[in-house]
Protein chains: 2
Amino acid sequence: MEQLLKQLEAYTSLTESEQKVLEDALFKRNYSKNEMIFTEGKISDEIYFVTKGCVRLFYNVDGNDKTAFFYTEGQFICAGESYTYNVPAIENYQALEETEIYVFTKTMIENLIGGFPKLEIIARVATENELITYQKVLASFITKTAEERYQDLLKTKGDLVQRVPQQYIASFLGVSPETLSRIKARIYKKEHS
Amino acid sequence: MEQLLKQLEAYTSLTESEQKVLEDALFKRNYSKNEMIFTEGKISDEIYFVTKGCVRLFYNVDGNDKTAFFYTEGQFICAGESYTYNVPAIENYQALEETEIYVFTKTMIENLIGGFPKLEIIARVATENELITYQKVLASFITKTAEERYQDLLKTKGDLVQRVPQQYIASFLGVSPETLSRIKARIYKKEHS
């Protein structure tokens, strides 16, 4: 919980009584490596906040999974359309390591928000952050090559590249594991020549 | 302004005095067909709300423009990372028809938000809607073929396909105008066989 409150400080500062309200309302879930957190087809009524570990977002395309993104500590996760409009989600979220998340349920948010205006701010900032993430991911999909996207990943989430199985990095880049190996070799060569 | 207030009702209901505050703070801009609304490289300190027309989001890739999305009436537009973190934007927004937008400046929002909690709600709902849009666009980029994406566009923004120059639709789908023609012919044939 301390971890959560510390990370939420990045969103807005909370008084002790506000912290207490959150402590009473939120609950924690732990996942082991490779465990599914949420599976497509269900209606999402929860928002997750990652306090430890790494979560993979993937879509299912005719039985093949396609990695869209990796979430790490301090990030909110929400299957937006399903959560907002109560339609079945197309998102799959999987823990890639021992992962700890805190859960904001829809009911909890709706009950609290009237008497807790800062929760509205947290919700807005969290949504903004998710939006910026998606804007960047979409822009990079459209404008960059797989090699450029790999270099961006090294710059912005360098530790991730070590932590995550390479087939998921390859899937995120939209290339085969063999092509990823060639990309890595090329970058290594450039850096050491 | 009436148009704006009516469309904002989709976000939250406003009292007359709240409407008055917005009327005094917001201003309108009109763009002619093909005029640029915002160009990459600048820092964005405005959020736009489209009341009439159509706006194309595109990225510049080595001098070629790549269409990412089309905004129409009732949608907010924000270059999120630039607006939030004061970094140069990579987004370009262009009016594709006679377009009318209302402008929320950052200063205006910061001045008003303390005494106007509903603006916080509008901001959150607007951000949520943008997020859902991006989540859907990204998912469709990752999981669908150009033909499937074209059919989605027909379903969700059918009028747009008539309104927008076909080279931008092709660019949005990531195919050449010739391939788009073939896709259309295929769909026409399926529907009429």
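**Exercise 1. Find which residues of α6(B) and α9(B) meet, and describe how these helices cross.**

Step 1. Start with the residues: from α6(B), B:Ala146, B:Glu147, B:Tyr150 and B:Gln151 meet B:Thr179, B:Ile183, B:Arg186 and B:Ile187 of α9(B). Being in contact here asks that the C-beta atoms of two residues, placed from the backbone, lie within 7 Å. Helices (H or I, at least four residues) and strands (E, at least two) are DSSP runs, numbered from the N terminus.

A word on the model before going on: it is predicted, so local features need pLDDT of at least 70 and side-chain atom pairs count only at pLDDT 80 or more, while totals for chains, interfaces and linings use all residues. Residues are numbered from 1 along each chain as its sequence is written, and chains are lettered from A and ligands numbered from 1 in the order in which they are written.

Step 2. Ala, Val, Leu, Ile, Met, Phe, Trp, Tyr, Cys and Pro count as nonpolar, Asp, Glu, Lys and Arg as charged, and the others, Gly among them, as polar.

Step 3. Now take the axes. Those of α6 (residues 146-156) and α9 (residues 177-191) of chain B come within 10 Å and cross at roughly 70 degrees. Axes are lines fitted to C-alpha atoms, for helices over the stretch in contact, and angles run from 0 to 180 degrees between N-to-C directions.

Step 4. Name the arrangement: α6(B) and α9(B) are therefore roughly perpendicular to each other. Under 35 degrees would count as roughly parallel, over 145 as roughly antiparallel, 65 to 115 as roughly perpendicular and the rest as oblique.

**Exercise 2. Work out how α6(A) and α9(A) pack in chain A.**

Step 1. In chain A, the axes of α6 (residues 146-156) and α9 (residues 177-191) are 10 Å apart, at an angle of about 70 degrees. α6(A) is therefore roughly perpendicular to α9(A).

Step 2. Look up the partners: A:Ala146, A:Glu147, A:Tyr150 and A:Gln151 of α6(A) meet A:Thr179, A:Ile183, A:Arg186 and A:Ile187 of α9(A). This contact holds four nonpolar, two polar and two charged residues.

**Exercise 3. Which element gives the largest share of the side of chain B that touches chain A?**

Step 1. Begin with the totals: 27 residues of chain B are in contact with 27 residues of chain A.

Step 2. β4 (54-61), β5 (64-72), α3 (80-85) and α5 (117-143) of chain B give two or more residues each to this side. The largest share, 19 residues, comes from α5(B).

Step 3. By type, the side of chain B that touches chain A has 15 nonpolar, five polar and seven charged residues.
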